[in-house]
Amino acid sequence: MVISGPSGVGKGTIVKELLKLRPNASLSISCTTRAPRQGEVEGESYFFLTKDAFEKAIAEGGFLEYSEHFDNYYGTPKAFVESKLESGDVILEIEVDGALNVKRVMPQAVLIMIAPPDRETLYARLKGRGTEGEDVIARRMDRADYELGKSPLYDYVIINDDLKTAVGEVEQILEKEN
Ligand code: ADP
Ligand code: 5GP
């Protein structure tokens with residue numbers, strides 16, 4: 001299952017709640033070249049790689065998909081996902097270009113877009129998270145329009161207004177698709 005949506009819409013929050021409800025499901029841990037944010041843990045939040053190491057992994061065919069995004073590489077490690085799929089559902093939390101690439105190589109993937117109730121709420125969440133400066137927030141808001149524009153290519157679109165409702169809807173989709 002692939003979850004996408006603009007930065008700050010609540011993907012991480014929803015996935016965290018979902019994993020509590022579905023102990024057999026696991027989260028794919030991506031590789032990235034961006035610097036860790038405060039509190040992020042290597043091997044839990046991401047595998048943090050240098051640009052050279054990431055490009056070496058690309059050359060070796062180590063990614064199910066990868067994309068260059070906000071000046072950094074992000075990619076889904078292929079072997080990691082394949083091993084996790086043996087024990088249950090795997091959730092990928094990745095941006096739209098990567099998600100659509102996953103669907104191409106894995107047509108059984110279910111794509112879910114998480115959308116904000118409106119633009120103002122998205123801005124308030126990004127600002128409220130307090131992890132990015134104003135310039136980065138502005139770029140992420142621009143990118144949000146592009147990401148949400150890809151919604152028609154997704155299998156499902158869920159509005160994250162009330163968190164509990166949104167988590168319930170994602171869980172129902174997992175149930176149904178299984
Ligand atoms: P993403 O992973 O999509 O970038 P986060 O999960 O980090 O987004 O959420 C961004 C901020 O919005 C966080 O501070 C989070 O607590 C808050 N948030 C997430 N979902 C909701 C919701 N339904 N209502 C209010 N705040 C929310
Ligand atoms: P952040 O820097 O906020 O953690 O993530 C920025 C964006 O990169 C988010 O939209 C996130 O979903 C996306 N992302 C995270 N991991 C991957 C990945 O493995 N592949 C792709 N294509 N995007 C990813």
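## A salt bridge to start from

Glu132 and Arg37 join their side chains in a salt bridge, with 2.9 Å from N to O. The term salt bridge is used here for a side-chain nitrogen of Lys or Arg within 4 Å of a carboxyl oxygen of Asp or Glu. Side chains of opposite charge can pair when their charged atoms come close.

The structure has 17 salt bridges. Another of them is formed by Asp71 and Arg139, whose closest N and O atoms are 3.7 Å apart. This pair connects distant parts of the chain, 68 residues apart: Asp71 lies in the loop between S5 and S6, and Arg139 in helix H6.

## Basis of the model

The model is predicted; local features need pLDDT of at least 70, side-chain atom pairs count only at pLDDT 80 or more, and totals for chains, interfaces and linings use all residues. Residues are numbered from 1 along each chain as its sequence is written, chains are lettered from A and ligands numbered from 1 in the order in which they are written, and side-chain values use heavy atoms, with hydrogens and water left out.

The protein is assigned domain 1 (1–25 + 90–178) and domain 2 (29–87), with bounds from an automatic or database domain assignment. Their centres, taken over C-alpha atoms, are 18 Å apart. Domain 1 gives 17 residues to the contact and domain 2 gives 14 residues, where contact means heavy atoms within 4.5 Å.

About 1,300 Å² is buried between domain 1 and domain 2, 65% of it on carbon and sulfur atoms; buried area is the accessible area (1.4 Å probe) that two parts lose on being put together, summed over both. Between the domains there are 2 salt bridges. On the side of domain 1 that touches domain 2, the elements giving two or more residues are strand S7 (90–93), helix H4 (96–105) and helix H6 (134–149). Helices (H or I, at least four residues) and strands (E, at least two) are DSSP runs, numbered from the N terminus.

## The mixed sheet

One open sheet has 4 strands in the order S4-S3-S6-S5, with mixed pairing. Two strands pair if DSSP finds at least two bridges between them. Strand S4 (47–48) and strand S5 (63–69) are the edge strands, each pairing on one side only. S5 and strand S6 (residues 72–77) run antiparallel and are joined by 6 bridges. Opposite Glu65 is Thr76 in S6.

## The parallel sheet

Another open sheet has 5 strands, ordered S2-S7-S1-S8-S9, and its pairing is parallel. Strand S2 (26–27) and strand S9 (156–159) are at the edges with a single partner strand each, so one side of each has no neighbour in the sheet. S2 and S7 run parallel, joined by 2 bridges. Ser26 has Val90 in S7 as its bridge partner.
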